[in-house]
Amino acid sequence: MTTTGKVLLAGIVVLAASLVSGCGERSQVVVYKSGKYQGKTDTRPWDSEPGAALYTTSKWTAVDKTSWETAIRTRSRGQNEYNRTE
Amino acid sequence: MARMKFLCDAERCIECNGCVTACKQENEVPWGVNRRRVVTINDGVPGEKSISVACMHCSDAPCMAVCPTDVFYRTEQGVVLHDKDLCIGCGYCFYACPFGAPQFPQEGVFGMRGKMDKCTFCAGGPEKDFSKDEFAKYGSNRLAQGKLPACAEMCSTKALLAGDGDTVADIFRTRVVKRGKGSEVWGWGTAYGKPDNPNAQPPKGAKS
């Protein structure tokens with residue numbers, strides 16, 4: 001293949017790639033469905049490891065909802081100062 | 001487990017603004033946005049009462065009902081959160097909210113409104129837990145650390161209670177019984193619904 005042919009071939013390849021790349025674009029406009037949450041999904045608080053953040057004193061087992069609830073309930077009860085004075 | 005709830009005891013609040021400061025510091029909330037604030041009724045008059053106000057994470061949240069882009073969702077713990085990426089800053093939620101919770105940063109020209117910001121019950125938002133994005137958009141995620149909201153944990157007189165609704169109600173009930181007054185709970189009826197028949201009495205012999 002001659003040099004001109006190679007350049008022509010390369011040009012065709014680049015042109016074809018640039019034309020096809022447009023097909024990969026996703027719509028950037030949100031299609032709203034009335035009455036339904038449209039955003040990203042959130043993780044649940046008990047999914048994290050208790051040690052995932054600094055200064056965490058509450059203890060629970062990751063992914064175990066019941067143990068997380070127990071930890072939060074214990075922490076909530078700590079707000080009752082009558083428990084400390086009586 | 002019941003749902004997460006806030007309760008402010010007006011008999012105890014001393015208007016120190018510790019909750020406001022704690023919230024600002026914990027979530028690095030910008031100027032002009034107050035996720036929590038203290039409101040005083042009859043300021044300077046003997047018998048004045050103060051209450052700490054923020055999003056009450058309503059059971060039937062008006063903000064959710066009016067949002068044209070449906071950015072709100074309720075977690076399994078009853079915390080009302082929103083996706084800032086979809087908020088268009090229309091302000092409908094601000095008009096709908098009985099507590100004035102939704103806040104709008106006004107950083108641009110001509111009082112242009114930014115995306116809505118409000119109390120998250122220190123539960124972050126719809127981003128990866130403890131990520132930079134989550135903190136920048138929604139603030140701290142203390143629930144995922146096994147902690148309660150910073151405002152309530154910082155409250156020096158424990159006027160502001162937060163956490164599991166049953167536990168919070170138990171603490172408040174004990175308090176009212178001990179002091180013999182101040183059973184009025186500000187905001188609970190509006191946020192969590194009123195009983196169908198407030199004068200109903202339990203049947204004789206039934207456990208209360």
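**Figure 1. Burial of B:Glu134 in the predicted model.** In this predicted model, B:Glu134 is buried because 21 other C-beta atoms lie within 10 Å, where 20 or more are required for that class. The residue belongs to helix α4 (residues 132-138) of chain B.

**Figure 2. Contacts of B:Glu134 beyond its sequence neighbours.** When neighbours within four places in sequence are set aside, B:Glu134 is in contact with B:Gly124, B:Gly125, B:Glu127, B:Lys128, B:Asp129 and B:Asn141. A further pair shown is B:Glu134 and B:Ala123, which stand 11 residues apart along the chain and have a C-alpha separation of 9.9 Å.

**Figure 3. The contact between chain A and chain B.** Chain A contributes 32 residues to this contact, and chain B contributes 32 residues. On the side of chain A that touches chain B, the most is given by helix α2 (residues 65-77) of chain A, with eight residues. Sorted by class, that side of chain A comprises 12 nonpolar, 11 polar and nine charged residues.

**Figure 4. Helices of chain A and their confidence.** Chain A contains three helices and zero strands, arranged along the sequence as α-α-α. The mean pLDDT among the elements of chain A is highest for α2(A), at 91, and lowest for helix α3 (residues 82-85) of chain A, at 81. For chain A overall, the average pLDDT is 82, and 84% of the residues score at least 70.

**Figure 5. Burial across chain A.** Chain A has 86 residues, of which 14% count as buried.

How values were computed
Residues are numbered from 1 along each chain as its sequence is written. Chains are lettered from A and ligands numbered from 1 in the order in which they are written. This is a predicted model: local features need pLDDT of at least 70, side-chain atom pairs count only at pLDDT 80 or more; totals for chains, interfaces and linings use all residues. Two residues are in contact if their C-beta atoms, placed from the backbone, lie within 7 Å. Helices (H or I, at least four residues) and strands (E, at least two) are DSSP runs, numbered from the N terminus. Ala, Val, Leu, Ile, Met, Phe, Trp, Tyr, Cys and Pro count as nonpolar, Asp, Glu, Lys and Arg as charged, and the others, Gly among them, as polar. pLDDT is the predictor's confidence in each residue, from 0 to 100. A residue is buried if 20 or more other C-beta atoms lie within 10 Å of its own, exposed if 12 or fewer, and partly exposed in between; C-beta atoms are placed from the backbone.
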